[in-house]
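Biologist: Please show me the model. I would like to go through some helix geometry with you.

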Amino acid sequence: MNYFRVLRTVGTLVVLVSLTMLVPLVMAWGYGETAALTAFGIATTVGVVVGGLAFLAGRRGLQQEARYRDALAVVGLAWVFCAAVGCLPYILTDTIPGFISAYFETMSGFTTTGASVMERVEYKPNGDLVPHSILFWRCLTQWLGGIGIVVLFVAVLPAMGPSRLLFHMEVPGVGEKSFFGKIRDTAAILWLIYLSLTVLAALSLKVAGMTWFDSVCHSLTTTSTGGFSTHTESLAYFESSAIRIVTTVFMLLAGVNFMLYFMAARGALRRVHKNPELRLYVVVIFVVTAIVTSDLLWRGAFSEFPAALEAATFQVATLGTSTGFASENFDLWPATSKMLLLFLMFSGACAGSTSGGLKLYRILVVFKYSLRAVHQHIRPKGVETVRMGDGVLSPETLRSVTAMVMIFMLMFFGGAFVLSLMGMQLTEAFTASLSALGNVGPGLGEIGPTGNYANVPDGGKLLLAWLMLVGRLEVFTALSLLTVTLWRD
């Protein structure tokens, strides 16, 4: 392990994240939020100084060759320490008292989970409950985290040998050589797509009826599939079908593999159309929406078809993409609808998007792999392959995907068990564990769409913050931090 190189790179990332706090600092000055202005000034200074010292202390690491393990350590540790710096504004403004709760909120932001401990999340012209700058910082953390994993791999770590390999592990199936030049070019393409969606979302939400502040904040958390809002009631606050429709469209767009947009722009529409994961994504959204709509009407949750369709479409989109906005209290919906929504929390959207969850790519791989096992059981001497699109998946890919799914499930049940030991009820424990691992946000019961995580014990908050990190870093990278092998020379 090249400890000095790891220290230098993590320090660089801490400095970069700290400098992003200059944006809400300027906003605090513009709104006359004195306490927030001071808080962001202190937090930025602390982050730059600490990160800068780590950068200088790690200069000796440049004399040694970068290794695969170095990149793993950097990716994992960067999230841990960036969240530690990012939570300072909450503490210094007393918006969220206590380090653990503030750290939970920040990790929830950077991992685009959207779970919150804040009981009141809104501003008012006649006396702000939460400063505008703090609300904006919450949304900005999600926007940075939405594309953050890809940025860490392809923009920050190009000098570290295995960065390209890590990127391909993060977004399997999108590394077609014809669409990749230099690794920095790929990062620029992804950023351009991400930024374009964000700008379009902000403009559309403004046209739909939001203020500029609300539209910008919600565009940051929509394209990142994060789900933080500037109001306690989330999207239900606006009582606007137009706003919900616009948000639904951009959530679904953000759930698509970003490289498919690049392929479409390059004229490779046939390859986009034939993409098996995109086809499954469209089918899942349509089928689940149809079933939930029918269930809501049949069970009497809604009396009119348009209202049921709108509610079902929004909730399927927000949970299917792991965004976590709330427009309805789906905790009161029929059991069938809730079961389907829980399935969406497991599955997530497409690989290479900002969505959380297992990703439909992996579910499709496991399904085909299982189907092959059945065929081989019937015909033991037959030779079966698993195809994905025009290619054949290697045994290494099949083993890796299967192992990731199994570990995800084990951590889900393990997290729920530990939370139950801490006193959480069964429903809350299971859905909190699933929501954290899937980076979704809301669960059921007290942590449902109308609740929050404020009453979760501090130990539970730390566990959930860890599960958020595990889910956002695709399991293996985060778990590698706990192994002796990673740190041993």
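Predicted model: local features only at pLDDT ≥ 70, side-chain atom pairs only at ≥ 80, totals over all residues.

Biologist: How are H1 and H3 oriented to each other, roughly parallel or roughly antiparallel?

Modeller: Helix H1 covers residues 3–20 and helix H3 residues 34–57. They pack at about 160°, with axes 7 Å apart. Angles under 35 degrees count as roughly parallel, over 145 as roughly antiparallel, 65 to 115 as roughly perpendicular and the rest as oblique. H1 and H3 are therefore roughly antiparallel.

Biologist: How do the residues of the contact of H1 with H3 divide?

Modeller: Contact means heavy atoms within 4.5 Å. H1 contributes residues including Phe4, Leu7 and Gly11, and H3 residues including Thr44, Gly47 and Phe55. Gly counts as polar. The division is nine nonpolar, seven polar and one charged.

Biologist: How far apart are the end C-alpha atoms of H1?

Modeller: H1 has 18 residues. The expected span is 1.5 Å times one less than the number of residues. That gives 26 Å, and the end C-alpha atoms agree, at 26 Å.

Biologist: Is Phe305 buried, partly exposed or exposed?

Modeller: Phe305 lies in helix H16 (residues 305–320). Buried means under 20% relative accessible area, exposed over 50%, partly exposed in between (1.4 Å probe, protein chains only). At 48%, Phe305 is partly exposed.

How values were computed. Residues numbered from 1 in each chain as written. Heavy atoms only, no water. Axes fitted to C-alpha atoms, helices over the stretch in contact; angles between N-to-C directions. Helix = DSSP H or I, 4+ residues; strand = E, 2+ residues; numbered from the N terminus.
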